[in-house]
Amino acid sequence: MSALPPGFISTRDVLDERLSGADVRRLELKYGNEELLYGLDVLGLAGPFSRVTPWELEDERGVRRINASGYAATPFGEMPPVITDFMHEFLRKNRAMGLPQQSTGPWRAALQANLVALLARELPSHADSQVFFCSSGTEAIEGALKFAKAWRPKAKYQISFASGYHGKTLGSLSLTPNPEYQDIFRPLIPGALTSPYGDLDALTRLIRRVGADNVTCVVVEPIQGEGGVNIPPAGFLRGVGELCRRHGIPVIADEIQTGLGRTGHWFESAAQGLDADIVTLAKPLGGGMTAVGATIVRAPIFKKMLGGLSSKRHSNTFGGGALAMAVGLRSLEYLIENDLPARSTALGEEGLARLQRVQARFPNLLEAVRGQGLLFALQFRPMVGVPLPGVLKELVFEATAILALRELHQGGVMANLSLSSKRTVRLTPALDMPHDVFTTMLDRVEAFAQTHPSARHLLTSTPPQVTARLAAFAASKPKKRTPSDG
């Protein structure tokens with residue numbers, strides 16, 4: 001066996017934790033996304049972090065924090081035994097082909113069948129639907145757009161909603177109306193139109209203006225995650241479905257963040273009365289351990305794109321791989337066995353009530369809190385109270401959330417930013433987080449509010465050297481800011 005070349009890092013070096021935290025940061029900053037990691041490093045958020053339990057992580061100094069981050073992609077926490085133990089068993093026993101591209105595969109077959117059965121329990125019209133697997137949420141949306149276009153090839157407009165988020169590959173980015181992420185990549189996919197979220201009359205007018213026959217599809221999140229946990233008014237999604245059905249327009253429900261229990265329902269869109277033609281899933285399906293995306297499509301639409309000799313019109317090298325499918329199957333099974341959507345509802349009601357009390361006590365810190373199931377949003381007051389123009393206002397909004405994220409981290413809670421809602425920080429705890437850990441998380445959020453009773457304390461609590469480095473970093477990296485929440 002040949003020795004590794006000088007300077008190579010071995011698997012044993014990593015597995016035996018021979019790389020220090022400083023080594024990891026140095027290598028990441030040199031070879032990875034330096035600008036992102038630099039900003040995180042300035043804030044003290046860059047890690048690396050190690051798993052203590054599925055719900056708690058520690059840094060290199062041994063400081064433990066409750067992990068409510070992960071952007072809803074770690075439904076059972078970090079390296080959950082229910083998944084890792086199963087993966088060990090899979091690796092010992094599985095004899096099925098790892099990447100069955102041009103053959104049937106038992107793991108893919110089982111997960112397809114179970115996903116359709118689960119959806120059909122909520123929406124019987126999907127009993128004969130079919131599934132296309134990929135490796136991420138944005139790929140699931142790309143596939144959904146192609147299915148819709150194949151169904152209505154002469155139509156030229158795709159409608160999504162303001163503050164929505166569907167991914168960053170070119171098609172999904174075109175339907176994510178955020179100039180900060182879009183502008184440098186223009187021209188995007190032509191025909192992307194935006195309608196106000198929650199406003200059925202506005203959608204009706206838009207469809208009438210461009211002509212219903214010219215609309216390829218309407219893409220909607222049942223609750224906007226990156227938009228700051230925006231919950232639409234009652235009847236909106238049902239109305240979207242009815243409007244589009246009258247005109248034969250396919251509706252794509254983006255359930256990548258909301259689906260499979262996060263909001264307390266298997267499919268949030270179905271719970272709100274929408275019988276979508278195409279449903280996209282990802283994040284929790286991989287159990288926090290593998291990359292799995294799925295696009296569930298009504299059979300006639302599926303066959304229009306992938307029928308007969310056109311069955312290779314859309315493909316994915318790693319989609320449907322045995323390990324990913326097996327983990328997806330076990331994740332789905334665990335969700336069902338423990339009725340985690342119902343648990344999400346119960347903990348969500350408790351958590352939201354607690355956060356609402358915190359907001360009522362500290363209105364100069366928190367302008368609003370929102371939640372559905374175990375998807376929570378903390379919307380902060382701007383840390384500079386005087387009105388500011390344009391770009392300066394957006395910078396203050398963004399800095400407010402960033403410093404709130406830092407202070408929560410210092411207080412023992414790891415949270416998420418919201419890409420389309422600058423002043424909003426989200427909490428997405430594991431669906432099976434033990435109740436005592438969950439209440440401790442809420443205790444720490446309350447303690448954070450007590451020590452930062454107004455938003456200006458986010459700034460005064462930050463060490464001057466950190467503020468100076470952040471300001472210099474922001475000034476050196478100007479970018480298009482997106483008008484956001486207020």
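Begin by selecting Pro48, in the loop that runs between α3 and β1 (50-53). In this predicted model, the peptide bond between Gly47 and Pro48 is cis, with omega at about 10 degrees. Step back to helix α3 (residues 34-43), where Leu37, Gly39, Val42 and Leu43 are buried. Gly44 follows α3 and has a positive phi, near 80 degrees.

Next, select Pro187, in the loop between α8 and β6. A cis peptide bond leads from Arg186 to Pro187, and its omega is near 5 degrees. Ile184 belongs to the loop between α8 (179-182) and β6 (192-195); this residue counts as exposed because its relative accessibility is 72%.

Now display helices α5 (residues 106-122) and α13 (residues 322-337), which pack at an angle of about 35 degrees with axes 8 Å apart. The crossing of α5 past α13 is left-handed. Contacts from α5 include Trp107, Leu111 and Leu118, while those from α13 include Met325, Leu329 and Ile336.

Two further stops concern backbone geometry. Most residues other than glycine have a negative phi. Val229, in the loop between β7 (215-220) and α10 (236-247), has a positive phi near 60 degrees. Its relative accessibility is 0%, so Val229 counts as buried. Finally, select Asp339, located between α13 and α14 (340-361) in a loop. Asp339 also has a positive phi, of about 40 degrees, and it counts as partly exposed because its relative accessibility is 40%.

Notes
Residues numbered from 1 in each chain as written. Predicted model: local features only at pLDDT ≥ 70, side-chain atom pairs only at ≥ 80, totals over all residues. Heavy atoms only, no water. Helix = DSSP H or I, 4+ residues; strand = E, 2+ residues; numbered from the N terminus. Buried < 20%, exposed > 50% of the residue type's maximum accessible area, 1.4 Å probe, protein only. Axes fitted to C-alpha atoms, helices over the stretch in contact; angles between N-to-C directions. Left-handed = near helix turned anticlockwise from the far one by under 90°. Contact = heavy atoms within 4.5 Å.
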